[in-house]
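Hi,

Here is the model I promised to pass on.

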Amino acid sequence: MDESNNSNVTDQELISGLESNEITDSVEYLYEQYFDSIIDLVKFMRGTVEDGADMFQESVLVMIEKIKDGKFRGESSIKTYLFSIVRNLWLMELRTRERRKKREEYYASNEPVISYTPDFQTASVDLKKVFEKLGESCKELLIGFYFENKSMKVLLSQFDFKNEQVLRNKKSICMKKLKEVLHANNNLLQLLKSDYIYE
Amino acid sequence: MNNHLTMNDLLDLWVKNEITMDELAIRSGNKDLFELQEKMEMHQVAVRAIQKHATARQVASVHREYLGRRRDQNKVLAKLVSIQRTKLIVRIASVAAVFAAILVIAQMVFISSNRIYSESFSQYYVNNERSAEAPATGNVTALFQKGDYAGVISAFKSQSSHENKELFLAGYSSLMMKDYKNASGYFTAIMDNFSKNGNRLFMDEAEYYLALTDLRQGKNEEAYLLMSKIYSNPDHTYHDAFDKWTMWRMKWIK
């Protein structure tokens, strides 16, 4: 996306940008345009600036997933869509916090204090941990092949492998490892299977 | 299974819609469809996980950079505000210093007791009523009219008893001779006479010049009390000697 025309980016251009594998410019545009308004919205709904920043990040992620999965039908503007995602995520988060607070109050006398991670971040955090377990080269190789759609030839020039067959073997090993780690995290696995992650 | 492609390669082709599920089954040689379906689902989930993680990573990177930029901008803004605040404080301090200096100068120039004395002082003239006066008093009066204040004091001291007029002329002469202590004593004696026998003669004059004598001695509190008494009494002979501005300045220095 051309930065000089940032102020004139149409929703259609934005959607095209977010559908592609290189989303950085489009995401930056979303931040420049809507970050402050989202912070105001979350603050208005009893949140903090930090809550607003976290909500914005997660909502952008949800919106990209929806667009990529073809679930955004273009019945509203990108701005309206993003704001509605933030509102829903934040209300969900508030309800979760409320439930947690009541639980903690109930068990306050006996239960130890458990460190807090917002629910809407749990799936992202789990996914990050999964890829950390794979190691850097596996992670980059899998992202290069399955997300960036790079050919084996391109990947071979990027990674230090003897030949294409060795690279293919390495990819298979990495994929096997990923599947094993996902198997070990049943909660995340079910979320991915139902495609309910981030929603 | 195909000689060149592994199961993983075939699953990749299936995920990318390059082969169908049936082709996958045939080319992999896997006859257990349930097992194959499980492998397909797991492969699809793994690919989805990779794509979601890659997307999340890009968004997180933008998020970090954006917040970093905002923090830097805020730091610059905070620095600018701090500089502006410092400038403002310096400016306010300068104005306050100038204002304080003006006040001090104004106090020295306009509000000092000497200044008020000079503005409020009016010379006293005595009428020539020689025929009606005793010879001694006439002598004091004559000397006063000549402006011989030392002579007035000398003549006054040679008398054994003193009327209020002589006391006043001696007091005024002492004031002119800058003998403030004796001037105060003579004027106070007139006021004491009023307390003792109700003699009001030269009482107003004594109060007015005693106030001026106090000013000369820097007894501003005492001067202010007398001046207030005179200023608040419209029937006082010297009521108009002090205006509002003078009384306001006296409040400052008392």
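Let me start with the charged pairs: the rule finds eight salt bridges across the interface of chain A and chain B. Keep in mind that this is a predicted model. Over all chains, the count by this rule comes to 19 salt bridges.

- Arg57(B) and Glu140(A) meet through their side chains in a salt bridge, at 2.7 Å from N to O. Arg57(B) sits in helix H3 of chain B and Glu140(A) in helix H6 of chain A, so this pair joins two chains.
- Asp9(B) forms a salt bridge with Arg168(A), where the closest N and O atoms are 3.7 Å apart.

On polar contacts, the rule finds 14 residue pairs across the interface of chain A and chain B, with both residues at pLDDT 80 or more. Sorted by type, the residues of chain A that touch chain B divide into 22 nonpolar, six polar and 14 charged.

Now for the extent of the interface. The contact takes 42 residues from chain A and 32 residues from chain B. About 3500 Å² is buried between the two chains, and carbon and sulfur atoms give 63% of that area. In chain A, the residues that lose the most area to chain B are Tyr31(A), Tyr146(A) and Lys179(A), which together make up 17% of what that side buries.

Helix H3 (33–109) and helix H11 (244–253) of chain B each supply at least two residues of the patch. H3(B) provides the largest share, four residues, while Trp252(B) lies in helix H11 of chain B.

Cheers

Key: Residues are numbered from 1 along each chain as its sequence is written. Chains are lettered from A and ligands numbered from 1 in the order in which they are written. This is a predicted model: local features need pLDDT of at least 70, side-chain atom pairs count only at pLDDT 80 or more; totals for chains, interfaces and linings use all residues. Side-chain values use heavy atoms; hydrogens and water are left out. Contact means heavy atoms within 4.5 Å. Buried area is the accessible area (1.4 Å probe) that two parts lose on being put together, summed over both. A salt bridge is a side-chain nitrogen of Lys or Arg within 4 Å of a carboxyl oxygen of Asp or Glu. A polar contact is a pair of N or O atoms within 3.5 Å; within protein, one must be able to donate a hydrogen and the other to accept it, and residues adjacent in sequence count only if both atoms are side-chain atoms. Ala, Val, Leu, Ile, Met, Phe, Trp, Tyr, Cys and Pro count as nonpolar, Asp, Glu, Lys and Arg as charged, and the others, Gly among them, as polar.
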